[in-house]
Amino acid sequence: MKKSSFRNNPALVGLLASFTAIFLGLVFGFFMLGIFNPSFAGAGIVKILTKGLSSKEKFAKVLYQAAPLMMTGLSVGFAMKTGLFNIGGSGQYLIGTFCALLFGVVLKLPWYVCLLAAMLGGAFWGIFPGLFKALFNVNEVITAIMFNWIGLFLVNLAFSNTPTVLANYYGASVADRTANIEAANPSAVIPKLGMDKLFNSSYMNISFFVAMLVAATIYIIIDKTVFGYELKACGFNQKASIYAGINAKRNVVISMMIAGALAGLGGGIYYLCGTAQYTIEKVLPAMGFNGIPVALLANSNPIGIIFSALFISYIQVGGEALQPEYAKEIVDIIIACIIYLSALSVLMKGLITGLLREKGGNQKEVIEEAPLEETK
Amino acid sequence: MEENIIEMRHITKVFPGLVANDDVTIQLRRGEIHALLGENGAGKSTLMNVLFGLYTPEKGEIRKNGKTVVIKDPNDATALGIGMVHQHFQLVHNFTVLQNIILGAETVKGGFLQLAQARKKVADLSEKYGLKVNLDALIDDITVGMQQRVEILKMLYRDNEVLIFDEPTAMLTPQEINELMQIMKDLVAEGKSILFISHKLNEIMAVADRCTVLRKGKCIGTVNTAETTKEELSEMMVGRKVEFVVAKEDANPTDTVLEIKDLSVAGRRSTKKSVHDVSFKVHKGEIVCIAGIDGNGQSELVYALTGIMPAESGEIIFKDRDITKETIRNRNLDGIAHIPEDRHEYGLVLDYTLAENLVLKKYFMKDFQNRGFIDFPAVRKYADRLIEKYDIRSSQGALSVARSMSGGNQQKAIVAREIDYDPDLLIAVQPTRGMDVGAIEYIHRQIVKERDEGKAILLISLELDEVMNLSDRILVMFEGGIVGELDPKQTTVQELGLYMSGAKRNDMREAE
């Protein structure tokens, strides 16, 4: 019986599917490296796989990037669990960034208040796709994409017209980016608790642990609470949830707000590290979209998202080390392959279930059937 | 020529945890309608899927015209002249009838479709077999009965001689069923051979020549329908005697539980009202049945009663309180239980476990939560109790995912959940849809028991047998209105049919 529960364990099968996708993606990546620059292919794939652990500094960088990735991943994953596709992570991330920097640089408030503001900002931006979906049944994907661009230009406009938030107000020569937060308001920098010295890297702070805490909270909300039960019911079968008396429309809005808050927090975490300055550009931040692969790779499981964010961040760090032999974008291609393969997870799961079954053997199953004979 | 066109010998098909077919042998004679009868999960569909090449059996062989053949996939089956109409049609909804029929078997010349040729062939076939369809209509725009004809034409177009029908009547209205029966008879008259999966005894007795009964994956026997009775067949199928008519005492109605006054409900697709000016009462201790042909406003009436759709006008008085504008949750809490029409659409969250589905209307109650956290042990305990009490079968008990359960057990789970809700009013919409006689008997007993305990029951059914056997009063719905109230003891199926088709009506408002 134990063996059959092992075989039927969907979490395990999902995990194996993700690993298979990663493996095949890396194999494909290796071929890509071989095509673009054969002489460095071997060294290149080793770099991708080992760079993140090659030194304390590099590992700090992995954690530093993983934290916001985890937040946008959670944002997508949470929405997915409730039956919504939140492609608006970028917009929510930007509004979160804006709120965090406004509270930190201009209002000189401490970091935790700024993070709270980032969450509220993201949640506010999540309301719109939710409301449009609930009230007018407009697909949340369409609204969210439009609100990404609205968010981008709104944030750029707001930053450009807030002189006290820009770098040149604090003595820098450029005005196309926000102020260095250490210079503007040291209390808004996410605490490092001495880990920066330990890791010998200014990238290191508690943000990764904050993100893990949030992931654990989301896991508990989704899997353990009455609220999560309702949200998932709406996600799986909205009609059945309506039939059961659940207010599905309200839940759609709340879901999108929570998803927005998570993405917004991601923006806050990234820009309050003290190492990044927001640059006013006409490009949506990749961090928002990268949440989608993070969630897909983890099957939207909040705990899985901790690891998939770490992994994606890890090979991104490895990819940066590929220069100058390769363009940095090659890692994006490899990541895309892994995601593409993990998107075929249904196929992958079928394959893995089949393999496990063969190993399990048929004999046992026939024995399990014995009770049927008696009833005749 | 060989008498048996198809012979499946000693077929064994094993799924993890289940022997779906255990040494099953079945012979289909040339030019016969051969019924395959069995309970839900008896292995009928599996056996036919083996024949159609969707499953590969572990043991056994298939012979066509006496020669052993190997069928690895549906293409092999088609090449051998075996065609199948699945229970859920396999049609492209935004294609026309003609496009659907030729799909996958197109005549192509130099990369261009030869539609004219195909059109002629299809038109000839539809003429020959009396299958009237509009070749240029979109599938979306035609009725379910018409869609089925398209499926049949698909098989004929491929020159199939063995036709498999997987529960073809499950989705049809009584009229469409009669038409289908006639079509099947015409088909065999023209030399086709038909395998017909069903668990409806009336249909088998009416149309089949022979009948093979499966029970729990095993072949129980093959009988000539002319030499058997419904009772005998059902005993073979279930393994014990089955009562078609549940024994019940006369109803003893007391207080009014539900009163509907001039209720109208807007149409879902058109501007025409789907329910207009309907008034009736349901009392404690009686089963009131709303009979009617599908699509005459019964669904909308129920949705308005349960709060899924808003009422346009009129009043719904439940236990002396106007609930017309109440939320669904409050109606439930007030004591309305609802066995929905479609168990997959409304009744279950298929990706939830059985336990989670059994608390679908109770998860937020004190017993099942603790400061906002679901009390999983309590849920589990409750689920185990219902599973035991209502005999809900599944592979992993309370932790089975609802999607993995058989249709009959899914329905039992819903019935268990709603009855255990201990409602004052139970609205049961087609509670035995797609179930076999054993399970029907069980659910009918439960409903009568609820009535005897003083519950008010509003039953909506399309099955005339169910209407006649179970109800204490019959209200007939036609085109959104109630056209008659009948006493099942003093009426006949024929009279009921006349009301249902709108040929007869009595404009009685409830005489009270």
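Predicted model: local features only at pLDDT ≥ 70, side-chain atom pairs only at ≥ 80, totals over all residues.

User: How many residues does helix H4 of chain A have, and how far does it reach?
Analyst: Helix H4 of chain A covers residues 56–81, 26 residues in total. From first C-alpha to last it reaches 35 Å, close to the 38 Å expected.

User: Where does H4(A) bend?
Analyst: At Ala66(A), by about 25 degrees. A proline, Pro68(A), follows within four residues.

User: Is H4(A) mostly covered or exposed?
Analyst: Mostly covered. Of its 26 residues, 22 are buried.

User: Which residues touch the most other members of the largest nonpolar core?
Analyst: Met70(A), Leu272(A), Ile164(B) and Val476(B). That core has 260 residues. Helix H13 of chain A, residues 248–271, gives the most to it: 15 residues.

User: Back to Met70(A). What is it in contact with, leaving aside neighbours within four places in sequence?
Analyst: Met70(A) is in contact with Ala211(A), Ala215(A), Ile305(A), Ile306(A) and Ala309(A).

User: New topic. Which domains does the assignment give for chain A?
Analyst: Domain 1 is 1–36 + 331–376, and domain 2 is 59–325. Their contact takes 10 residues from each of domain 1 and domain 2 of chain A.

User: Which elements give two or more residues to the domain 1 side?
Analyst: Helix H2 (10–36) and helix H16 (329–343) of chain A. H16(A) has the largest share, seven residues.

User: And that side by class?
Analyst: Six nonpolar, four polar and no charged residues on the side of domain 1 that touches domain 2 of chain A.

Conventions: Residues numbered from 1 in each chain as written. Chains lettered and ligands numbered in written order. Domains from an automatic or database assignment. Contact = placed C-beta atoms within 7 Å. Nonpolar A, V, L, I, M, F, W, Y, C, P; charged D, E, K, R; others polar. Expected span 1.5 Å × (residues − 1). Bend = angle between axes of the 7 residues up to and from the residue. Buried ≥ 20, exposed ≤ 12 C-beta atoms within 10 Å, placed from the backbone. Core = buried A, V, L, I, M, F, W, Y, C linked by C-beta atoms within 7 Å.
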